[in-house]
Amino acid sequence: MLHAQIIGEGKPLFILHGFLGMSDNWKTLGLKYAENGFQAHLIDQRNHGHSFHSQVFNYSVLAEDLKIYAQSKSIAEFDLIGHSMGGKTAMLFATENPEMVKSLVVADIAPKFYPAHHQDILRGLAAVDFDVITSRSEADKQLALYVSDGSVRQFLLKNLYWETRERLGFRMNLQALTENENEIGVELPKNNIFAGRTLFLKGEFSEYVMPEDTPLIKTHFPNAEIDTVSKSGHWLHAQNPAEFLSKTLQFLIDKTY
């Protein structure tokens with residue numbers, strides 16, 4: 001069963017993090033959604049955060065995990081937000097289970113194929129030697145040899161935890177994620193369509209969703225709106241959380257899109 005942090009009471013809203021992320025990344029926004037009448041389910045996808053580890057990792061099982069989670073909570077219908085890898089999971093889930101999704105928000109990802117591009121990050125994470133390091137700062141120094149962007153390193157190092165009183169480790173299943181890295185970029189199956197209310201939000205400076213992706217988005221999601229979160233890149237919900245929150249609430253509550 002997937003692990004989730006559940007915040008608030010009200011209309012169920014499921015939120016899916018991206019690759020190498022976790023539910024904690026969404027806690028601040030989850031509190032804001034709860035203040036606006038939602039029960040936010042911040043879900044750790046398999047091999048991430050506090051959820052179970054498995055050598056099987058692809059969007060089919062991630063979508064099935066989500067369905068099992070909803071059924072375990074007796075939730076028949078919910079709003080759904082997914083960022084990056086979580087957006088791909090959300091897209092597949094919505095097209096396969098349209099009766100369960102009231103509204104869909106896809107954050108900075110398109111239904112197209114993406115070539116593998118996490119190799120340096122995965123090599124860097126694998127190079128962190130837990131036989132030697134005893135602090136986050138030491139892990140950061142090792143990771144910096146592979147990942148130059150300090151904000152990306154801080155995001156990745158949120159996965160650190162104390163396995164024992166003496167030894168640090170990573171919460172994610174790094175081996176399985178590395179072995180299945182090519183699964184992260186696969187496209188949405190050709191004939192999958194979700195005709196429900198859908199909002200695609202892209203970061204202003206991100207290249208994950210481009211103008212030329214609009215026809216493909218509209219093919220799979222004929223009622224989709226496409227909008228931009230200003231002053232943000234791929235981590236738009238973290239880089240401009242106020243605008244991300246405003247636009248998602250406008251879509252989910254005001255329905256003025």
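Visitor: Is Q5 buried or exposed?
Guide: This is a predicted model. In it, Q5 has a relative accessible area of 16%. Since the cut-off for buried is under 20%, Q5 counts as buried.

Visitor: Which element holds Q5, and what does its side chain make a polar contact with?
Guide: Q5 lies in strand β1. Its side chain makes a polar contact with the side chain of S23, at 3.1 Å. Beyond its neighbours within four places in sequence, Q5 is in contact with S23, D24, K27, A40, H41 and L42.

Visitor: What is the strand order in the open sheet?
Guide: The order is β1-β3-β2-β4-β5-β8-β9, an open sheet of 7 strands with mixed pairing. β1 (4-7) and β9 (224-229) stand at the edges and have a single partner strand each, so one side of each is left without a neighbour in the sheet. On average, neighbouring strands of this sheet are turned by 20° against each other, direction ignored.

Visitor: And which helix packs on the sheet?
Guide: Helix α3 (residues 85-96) packs on it, touching β2 (11-16), β4 (78-83), β5 (101-107) and β8. The direction of α3 makes about 140° with that of β4.

Visitor: In what sense do β8 and β9 pair?
Guide: Strand β8 (residues 197-203) pairs with β9 in the parallel sense, over 6 bridges. Within this pairing, L201 stands opposite D227 in β9.

Visitor: How many residues of β3 are buried?
Guide: 6 of its 6 residues are buried. Both faces of β3 are covered, with F38, A40 and L42 on one side and Q39, H41 and I43 on the other.

Visitor: Let us turn to the aromatic residues. How many aromatic pairs are found?
Guide: A search of the whole structure finds 10 aromatic pairs. One of them, F14 with Y69, is edge-to-face, at 5.5 Å centre to centre and with 75° between the planes. F14 lies in strand β2 and Y69 in helix α2 (residues 59-72), so the pair ties together parts that are 55 residues apart in sequence.

Visitor: Are F14 and Y69 buried or exposed, and which cluster do they belong to?
Guide: F14 and Y69 are both buried. Ring pairs link F14 and Y69 with F78 and F93 into a cluster.

Visitor: Which charged residues lie over rings?
Guide: The charged end of K11 sits over the ring of F38, 4.6 Å from the ring centre. R197 lies over the face of F251, at 4.1 Å from the ring centre.

Visitor: Now the backbone. What is the phi of N47?
Guide: N47 is not a glycine, yet its phi is positive, at about 70°. Most residues other than glycine have a negative phi. N47 lies in the loop between β3 (38-43) and α2, and its relative accessibility of 0% places it among the buried residues.

Visitor: What about K231, then: what is its phi?
Guide: K231, which is not a glycine either, has a positive phi of about 55°. It is located in the loop between β9 and α9 (236-239). K231 counts as exposed, at 65% relative accessibility.

Visitor: Where is H53 found, and what does its side chain reach?
Guide: H53 is in the loop between β3 and α2. The side chain of H53 reaches the backbone oxygen of R171 at 2.9 Å. Not counting residues up to four places away in sequence, H53 touches N47, R171, M172 and N173. At 44% relative accessibility, H53 counts as partly exposed.

Visitor: One last topic: which residues of α6 are buried?
Guide: In helix α6 (residues 150-157), the buried residues are V152, R153, F155, L156 and L157. The buried residues of α6 pack against α4 (119-127), α5 (136-144), β6 (160-162) and β7 (168-170).

Methods
Residues numbered from 1 in each chain as written. Predicted model: local features only at pLDDT ≥ 70, side-chain atom pairs only at ≥ 80, totals over all residues. Heavy atoms only, no water. Pairing = 2+ DSSP bridges. Helix = DSSP H or I, 4+ residues; strand = E, 2+ residues; numbered from the N terminus. Axes fitted to C-alpha atoms, helices over the stretch in contact; angles between N-to-C directions. Contact = heavy atoms within 4.5 Å. Phe/Tyr/Trp six-rings, centres within 6.5 Å; stacked < 30°, edge-to-face > 60°. Buried < 20%, exposed > 50% of the residue type's maximum accessible area, 1.4 Å probe, protein only. Lys NZ or Arg CZ within 6 Å of the ring centre and 35° of its normal. Polar contact = N/O pair within 3.5 Å; in protein donor to acceptor, adjacent residues only side chain to side chain.
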